[in-house]
Amino acid sequence: SLDLKKAQIALLELRAECLKEGSIHVPSRARLSLSTFGPEAYVEQERARQKQEYRKLMAKLRYLRQVHYVEMIKEGETRLYRLTAKGKYELLKLQFIEHMAAQRKKKWDRAWRVIIFDIPEYMRKYRDHLRGLLKDNQFEMWQLSVWVTKYNPEPALQDLLKYLGLQKHYAIIQADCAKCSPRVIKVWKQMRRKKDNIEDVDLHARYWREQKRKYQKKTKKKM
């Protein structure tokens, strides 16, 4: 599971609502069409449900406005909510995190991805933040501007860097290391061994948790 902050979760939930409804258009009052409903009892139940969903949505939007992820624009009696620059960046970052988490669940295709970037000094803030983001998503650092992963970061990484205006300052090389130099192959093996050790520790801990659970269950039955 992903370790997300409250604001990030609210932003993802809002995205899900937008995908379901097609937009973030919210009228000033909840208007309901009864033309396609069935019996009167069902109409009242549906009206109550929609009002409850409307209140939840408005509470979510108020919170996201407080953290400056969305802003409200008025057009007559209609309120429109849209993402701020901060909100757009945060959503793209979350989509990248989701993408990498999904990639790690897939079977490895035996190819490595080398991410190389040369970001100008005046964009140092973005450069440092990119390093932190790659590290948090299990990329391995060769040099400060050269990172490696077993998993395909595209197109999520491209979308994020394009929004930040960094698309001209990075490149991704997909490498099959059958013909790599001995030094590079050594690094690959070190990275693989490091990951295998972590997995071995996890399996070992899982085994003993299972043994403890079985013992407790057996003891409980005797009592």
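Visitor: What is the strand order of the open sheet of 4 strands?
Guide: Bear in mind that this is a predicted model: local features need pLDDT of at least 70, side-chain atom pairs count only at pLDDT 80 or more, and totals for chains, interfaces and linings use all residues. Strands (E, at least two residues) and helices (H or I, at least four residues) are DSSP runs, numbered from the N terminus, and two strands pair if DSSP finds at least two bridges between them. The open sheet has antiparallel pairing, and its order is β5-β6-β4-β7.

Visitor: Which are the edge strands?
Guide: An edge strand here pairs on one side only.

Visitor: How many bridges join β5 to strand β6?
Guide: Residues are numbered from 1 along each chain as its sequence is written, and side-chain values use heavy atoms, leaving out hydrogens and water. β6 covers residues 146–149 and runs antiparallel to β5. In this pair Q143 sits opposite V146. The number of bridges joining β5 to β6 is 3.

Visitor: Which residue in β3 is the bridge partner of M72?
Guide: β2 (residues 70–75) and β3 (residues 78–83) run antiparallel, joined by 6 bridges. They make a hairpin with 2 residues between the strands, and G76 in the turn shows a positive phi of about 70°. E75 faces T78, while M72 is bridged to Y81.

Visitor: At about what angle does α4 run to β4?
Guide: Axes are lines fitted to C-alpha atoms, for helices over the stretch in contact, and angles run from 0 to 180 degrees between N-to-C directions. Contact means heavy atoms within 4.5 Å. α4 lies across β4 (112–117) and β6, and its angle to β4 is about 165°.

Visitor: Are α3 and α4 roughly parallel or antiparallel?
Guide: The axes of α3 (residues 85–104) and α4 (residues 124–136) come within 11 Å, crossing at roughly 30°. Angles under 35 degrees count as roughly parallel, over 145 as roughly antiparallel, 65 to 115 as roughly perpendicular and the rest as oblique. That crossing therefore makes α3 and α4 roughly parallel.

Visitor: How many nonpolar residues are in the contact of α3 with α4?
Guide: Y89, K93, F96 and I97 of α3 meet H129, L133 and L134 of α4. Ala, Val, Leu, Ile, Met, Phe, Trp, Tyr, Cys and Pro count as nonpolar, Asp, Glu, Lys and Arg as charged, and the others, Gly among them, as polar. By class, that gives 1 polar, 1 charged and, for nonpolar, 5.

Visitor: Is the crossing of α3 and α5 left-handed or right-handed?
Guide: The α3 and α5 axes come within 8 Å and cross at roughly 160°, so the two helices are roughly antiparallel. A crossing is left-handed if the near helix is turned anticlockwise from the far one by less than a right angle, and right-handed if clockwise. For α3 and α5 the crossing is left-handed.

Visitor: Where in the protein chain is confidence highest?
Guide: pLDDT, the predictor's confidence in each residue, runs from 0 to 100, and the chain mean is 77. Confidence is lowest in β1 (residues 25–27), at a mean of 42, and pLDDT is below 50 over residues 22–38. Where pLDDT is low, the predicted coordinates should not be read in detail. Confidence is highest, at 94, in helix α5.
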